[in-house]
Amino acid sequence: MSTFQQHLRRHPFVIAGHRGAAGLAPENTLASYSLALELGVTMLELDVHRAHYADGRADLVVIHDNKVNRTTNAKGTLEEFSIEALRQLDAGDGQSLPLLSEVLDLLTLHTQTTGRITALNIELKGEETADLAAQMLSQTFAFPIVISSFEHFKLTRFRTLMPQAPIAPLYHRYRSDWATTADDLNACAINISAKMATQTRIKKFKAAGYAVFVYTVNSLQEGQQLRDWGASGLFTDRPDILMPLSLTNP
Ligand code: G3P
Ligand code: MG
């Protein structure tokens, strides 16, 4: 078992594969996560929505949008498909839309076979994802898992179900009430858009005791600046470019 805090101590600058390695492989597919892991990322990021099997059971599928139009060969909202039907779609290069459980299995296997611990950031996107995520994460994993969302009420719900789990509110723009939100959630990190990432803000979040992760950074120069400013890590579509910035403590 490894906690997220231990992971951050071991990796003072985390390189997180955004939707896997979305700039190199079809986003949010097992191929994309496998490639990101091969490139050595120290965290993986993915987005989850709730969907249903034909018999009515709910599960978490890994996809960014609530429609399949942009990332698959079909059209429609997720609600129009059963999980069985979603799994038939081509999410790029013949890949199917993964279930969250498959990515958890992939990371478990990765930990067992390489001995390397890679954290997982699960971003709650769709309705009622908090309950399903809490159910799934009630087991123990060999790698740390942090839950994030732009919709902070989902994190509030998740926190009531999992009092100890690492949580990171996401921000696409600065909000002056961030400290109250992060404190109420007992967050461990604040995940922010590169558009709102300034040195002053990063220092303020860090001084308040939070790790700070910035999305989405695909240039080495921008990543270097964020690292110099004290960010704890970044999300990138291009781990091949950003991995040189990764720091690991012996
Ligand atoms: O979690 C960081 C990033 O993934 C948030 O934005 O839209 O890519 O999910 P988005
Ligand atoms: Mg995301």
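I looked up which residues of α4 are buried, and found Leu-100, Val-103, Leu-104, Leu-107, His-110 and Thr-111. Viewed down the axis of α4, these buried residues fall within an arc of 120°, so they line one face of the helix. I noted the general rule beside this: an α-helix has 3.6 residues a turn, so residues three or four places apart point the same way. I am working from a predicted model.

Next I checked the face of α4 turned away from the buried side. There I found the exposed residues Asp-105, Gln-112 and Thr-113.

I then took the length of α4. The helix runs over residues 100–114, which is 15 residues. From first C-alpha to last it reaches 21 Å, close to the 21 Å expected at 1.5 Å a residue. Just after α4, I found Gly-115 with a positive phi of about 75°.

What covers the buried residues of α4? I listed elements that include the helices α2 (30–38) and α5 (129–136). The strands β2 (43–52), β3 (58–62), β4 (119–124) and β5 (145–149) are also part of the cover.

From α5 I went on to helix α6, residues 152–161. The two helices pack at an angle of about 35°, and their axes lie 9 Å apart. I recorded their crossing as right-handed. On the α5 side, the contact is made by Thr-129, Ala-130, Asp-131, Ala-133 and Ala-134. On the α6 side I found Lys-154, Arg-157, Phe-158 and Leu-161. Sorted by class, the contact has 5 nonpolar, 1 polar and 3 charged residues.

Methods
Residues numbered from 1 in each chain as written. Chains lettered and ligands numbered in written order. Predicted model: local features only at pLDDT ≥ 70, side-chain atom pairs only at ≥ 80, totals over all residues. Heavy atoms only, no water. Helix = DSSP H or I, 4+ residues; strand = E, 2+ residues; numbered from the N terminus. Expected span 1.5 Å × (residues − 1). Buried < 20%, exposed > 50% of the residue type's maximum accessible area, 1.4 Å probe, protein only. Arc of directions from axis to C-beta. Contact = heavy atoms within 4.5 Å. Axes fitted to C-alpha atoms, helices over the stretch in contact; angles between N-to-C directions. Left-handed = near helix turned anticlockwise from the far one by under 90°. Nonpolar A, V, L, I, M, F, W, Y, C, P; charged D, E, K, R; others polar.
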